[in-house]
Amino acid sequence: MDSSTIASDYPRRLLLGPGPSNAHPRVLAALARPLLGHLDPLFVELMEETKSLLRTVFATANALTFPISGTGSAGMEACLVNLLEEGDEAVIAVNGEFGRRMTDIVERAGATVVAVEVPWGRPVLPDDVKSGLARATRPKLVAVVHAETSTGASSPIAEIAPVVRDSGALFVVDSVTSLAGMPVRVDEWGIDACYSGTQKCLSCPPGLSPVTFSPRALESIRGRKSKVRSWYLDVTMIERYWGAERVYHHTAPISMNFALAEALRMVVEEGLDARFARHRANHRALAAGLEALGFGFVVDAPYRLPMLNAVTLPAGVEEAPLRRRLLDDFSIEVGGGLGPFRGKIWRIGLMGESCRAANVLALLGALEDMLPAAGASVEPGRAIAAAEAAYGTVAGRE
């Protein structure tokens, strides 16, 4: 089979899992633009535009705001290994898989972890962070996942921030799933280091991790007594390429930066408030439809993510076979559970370009079709009607 046949045989999936999300044709077209050199004056112009757009989306004036060459996990590692040295202490909130991964990175950096263990499916709350700080001696930083992709829980960063600030520690926030899908206000909330990923609500292919560092974080990095334990992710070197000096560090992924810039333009064109409202509206409609079909939610309503819905299936329905049939028969992807939720839940994403009323209705229609054969009692049309009622009027859809 030649390459053209392979490409033509690829199905068009509706990506409604925990990421990646579908990318707009404008973003995909940007990937196919002719390559430039990583120091070409035209690419340098694009770098400056990208930094400016990222500052808008992060709601920050931080000078050191740029995309790390790597996925969101690279952004996570970059923030932690640059801010921590051997012997430092870090308070890490763990309410899901991605908080757990932060503890692993902190230990590899030679720092001490004070883990704040929170039950999966519950948000991290200010009192949780207070309890972690009370067990710490001299915490260098506190890290919290804003939108925990493994559970669908949203932690109230605005409420946690004053607790961290009063402790004197640096505040690190994972916004991989939340950025461009719900408010992330770096400066207003006093976040010192924040990282994200391109493949979630930014609706760009995976491969870059937007990061931003406050002046206080940068001062801490520049005052290190030892080298950063990653040459590739050492921001003291990377900033010389993304800053005015343009000193070569590594070859930037040119095409991915083209795609990210286009995706960010689309976010700004839509407007952040409008984009957040679209995610909320489609989440409400999906939730109404799923509940009409007998699905339940892992997270209590006030803390549910609009872009990542963690749900239990109707009684007696096996999740994996139904998920596979959804992919095979309807070309719709949803995600299964991680960790203690493996085999027990679905993770349904409504992220960025995938967050559309037509996609909500397509998923609910497919489920209405499939569930009777899986052993669930379904009233035809009930889920669609519930979603339609949640939308209210056709004009209110996005």
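The chain holds 15 helices and 15 strands. Its radius of gyration is 21 Å, close to the 21 Å that the globule rule gives for 398 residues, so the chain is as compact as a globular protein of that length. The model is a predicted one.

**Overall dimensions and surface**

- Taken along the principal axes, the box filled by the C-alpha atoms is roughly 65 × 55 × 45 Å.
- Of the 398 residues in the chain, 57% are buried.
- When contacts between residues at least 6 apart in sequence are considered, 71% of them join residues at least 24 apart.

- An open sheet is formed by 7 strands, in the order 2-10-9-8-5-3-4, with mixed pairing.
- Strand 2 (64-69) and strand 4 (112-117) are at the edges; each has a single partner strand, so one side of each is left without a neighbour in the sheet.
- From one strand to the next, the twist averages 20°.
- Strand 8 (residues 170-174) pairs with strand 9 (residues 193-195) in the parallel sense, over 3 bridges.
- Within this pair, Val173 stands opposite Cys194 in strand 9.

**Helices against the sheet**

- Helix 5 (residues 97-108) lies across strand 3 (89-94), strand 4, strand 5 (139-145), strand 8 and strand 9.
- The direction of helix 5 is at about 160° to strand 3.
- Helix 10 (residues 235-242) also packs on the sheet, where it touches strand 2 and strand 10 (208-213).
- The directions of helix 10 and strand 2 make an angle of about 105°.

**Backbone details in the loops**

- A cis peptide bond links Gly19 to Pro20, with omega near 5°.
- Pro20 sits in the loop between strand 1 (14-15) and helix 2 (25-31).
- Ala59 is not a glycine, yet its phi is positive, at about 55°.
- The loop that contains Ala59 runs between helix 3 (41-58) and strand 2.
- Ala59 has a relative accessibility of 33%, which lies between the 20% and 50% cut-offs, so Ala59 counts as partly exposed.
- Ala180, another residue other than glycine, has a positive phi near 75°.
- Ala180 is located in the loop between strand 8 and helix 8 (186-189).
- Ala180 counts as buried because its relative accessibility is 2%, and buried means under 20%.

Key. Residues numbered from 1 in each chain as written. Predicted model: local features only at pLDDT ≥ 70, side-chain atom pairs only at ≥ 80, totals over all residues. Heavy atoms only, no water. Pairing = 2+ DSSP bridges. Helix = DSSP H or I, 4+ residues; strand = E, 2+ residues; numbered from the N terminus. Axes fitted to C-alpha atoms, helices over the stretch in contact; angles between N-to-C directions. Contact = heavy atoms within 4.5 Å. Rg over C-alpha atoms; globule rule 2.2 N^0.38 Å. Buried < 20%, exposed > 50% of the residue type's maximum accessible area, 1.4 Å probe, protein only.
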